[in-house]
Amino acid sequence: MTRIAAILLVFLAGLAVPAGAQNFGNIPPGTVLGNPSTTAKQPAQPIPSNNVVTPAQFKVAADPDDTNSIIAALATCHSVELQANVTYTISKPLPLCPGGKQQVSGHSGSVIKLAATWDATQHTPCSAASDSATWRPVFYNPNCGGAVHNFVDKNIYFSGFTIDGSAVAVPTLGQTVAIFLRNAQYVGVDKITCIGFADCTAMLASQYTTVTNSIAIDNMNSGFDFWDSPLDATVAFDTVMCTGATQAGQYGFNFNSSDTLATHPGDGVNYLSVGNKAVGCGTALDIDPLFAGGTIIGVVVSDFVVDGSYGGRGQKSGITVWGNVVGATLSNILVQNLVDGYALTIDQNSASVPGVFPHAITVQGLKILNSSNLTINDAMITVKEGGSATGTDRVTGVTFGPASYYPAGANRFQYAIDADTTGTVIEGQFPTSGSLGLATSYANKYPNIINLNYDQATAGACGTAPVVSGISARGAVQIGTGTVTQCTVLFGSQRVFATPPVCTLTPSINSTVTTPFPGTVAVASTIQGINLYSSVDMHGYAFNWQCSPL
């Protein structure tokens with residue numbers, strides 16, 4: 001069983017479900033959801049399955065729509081089941097049960113649709129109680145105000161229905177959120193589709209929140225949004241389609257630490273993203289504290305797809321890691337079809353918190369296809385740590401696939417990489433033709449850039465007719481003929497290592513000499529190459545080298 005599946009099973013255990021479905025019982029205090037470093041506890045005893053109501057039980061003939069019947073069903077504090085192939089029309093927000101322990105579930109064709117008369121002036125009762133921000137939700141938890149992390153409302157779950165705001169004009173809809181939860185704990189959202197909202201889900205100051213298998217369409221701000229000191233958040237196998245009207249940036253996924261109006265900077269801790277996709281968004285994934293003093297710690301992103309389709313919608317970018325983000329790992333990232341955007345940016349947020357840079361960011365496996373940037377002197381990948389003497393970021397496994405970087409009549413991005421810090425490591429297959437080279441923004445501050453496309457090693461003084469294959473980071477040398485006790489291998493002409501790397505040497509059997517080397521070989525490195533030394537004649541023997549930056 002995968003970690004995500006285990007998390008969901010434990011979470012489902014805490015909620016009443018429709019009759020006929022398996023029912024596991026309440027989640028006890030301390031159960032962990034969405035935190036990859038911990039293990040969930042076992043659930044408590046089951047809740048009787050008759051703790052389920054439907055809006056139809058509370059329908060009054062005089063009601064103009066389904067708002068009152070759904071509110072009445074939620075007020076029972078039982079779980080609420082939406083019927084299959086039924087569209088529920090609402091005109092006001094829907095408060096959940098105080099204290100939580102409630103599930104809202106649907107079936108195929110279950111839809112909650114905002115009426116054209118939707119009252120956008122309605123907002124959560126906590127709007128004035130926390131930081132004076134005005135939040136306009138469809139679903140919301142009532143105990144959402146007060147100090148961060150008081151966690152009165154717990155064990156809340158949504159599954160299997162659509163929330164549709166498309167009938168409401170965009171100015172009227174405003175910043176309405178489909179599912180809004182603040183200061184909640186143990187929250188699950190699964191198989192939910194949102195259409196036409198500012199955010200599909202907004203999780204503020206909440207802990208152990210999980211959003212899976214869900215879709216946000218035509219979102220105007222963010223598809224799946226976490227801020228105001230979020231803790232232990234998981235998003236998995238979700239899709240955001242940024243195809244609607246643009247308001248407030250139009251992000252795919254967000255993990256931020258500050259509260260809405262920056263009354264406190266906040267800390268965002270533990271964000272796990274697995275198998276997600278953002279299409280046509282201004283920024284696909286934004287990791288950013290937002291305001292001075294905020295910190296984000298512990299981000300893991302894997303198998304993320306950035307698709308810049310819907311190219312007529314302005315700039316679309318990939319993943320941004322801004323400001324005081326400490327410790328993030330991104331792996332297996334695909335970026336494709338960006339017409340005017342950036343694949344990856346690791347940098348300060350110069351607009352809100354200048355001078356504060358991310359640290360210890362590791363990117364493994366970034367593939368860029370059919371993408372370009374219209375801005376002159378910009379780069380598809382930016383990795384900056386403020387020109388410091390020692391970099392901590394690592395970006396490896398980068399490949400630039402087939403792309404028209406210079407279409408006729410357009411000036412596309414000038415650089416593949418823009419990096420500024422000694423010690424930052426960037427390895428991959430970067431473009432070599434035209435001006436698609438490497439940019440450095442600070443004089444005398446160079447990253448360790450290993451370009452597998454043109455960083456070919458060559459032989460220096462190494463006997464007669466030596467054979468060298470490989471690149472600066474790794475390769476093999478077969479010593480030439482003659483009496484040879486010293487051999488030099490030269491790195492490629494492009495700058496690769498900012499300082500002499502650490503290199504190791506291992507013997508290799510070849511067709512010329514099949515016996516092990518009888519002596520020892522010392523290796524010394526410079527930024528230009530490596531030198532092999534031995535008191536024993538090395539001619540005909542072969543060695544493999546591996547070099548990495550300090």
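**Pockets and strands**

Mentor: About 420 Å³ of space lies in the largest pocket. This is a predicted model, where local features need pLDDT of at least 70, side-chain atom pairs count only at pLDDT 80 or more, and totals for chains, interfaces and linings use all residues. Residues are numbered from 1 along each chain as its sequence is written, and side-chain values use heavy atoms, with hydrogens and water left out.

Trainee: How is a pocket found, and which residues lie nearest the centre of the largest one?

Mentor: Rolling a probe the size of a water molecule over the atoms shows where empty space is left. A pocket is an open set of points on a 1 Å grid over the protein atoms alone, where a 1.4 Å probe fits, with protein on both sides within 12 Å along at least five of seven lines; lining residues have an atom within 4 Å of a point. The volume is the space filled by probe spheres set on the points, which are joined across faces, edges and corners. Here 19 residues form the lining, with Gln-175, Asn-221, Asp-225, Trp-227 and Thr-260 nearest the centre.

Trainee: Which residues of strand 34 are on its covered face?

Mentor: In a regular strand the side chains alternate between the two faces of the sheet. In strand 34 (residues 474-478), Gly-475 and Val-477 make up the covered face, while Arg-474, Ala-476 and Gln-478 are on the uncovered one. Strands (E, at least two residues) are DSSP runs, numbered from the N terminus.

Trainee: Which strands pair with strand 34?

Mentor: Pairing takes at least two DSSP bridges. Strand 33 (residues 467-470) runs antiparallel to strand 34, with four bridges, and Val-467 stands opposite Gln-478. Strand 39 (residues 542-548) is also antiparallel to strand 34, over five bridges; there, Gln-546 partners Arg-474.

Conventions. Buried < 20%, exposed > 50% of the residue type's maximum accessible area, 1.4 Å probe, protein only.
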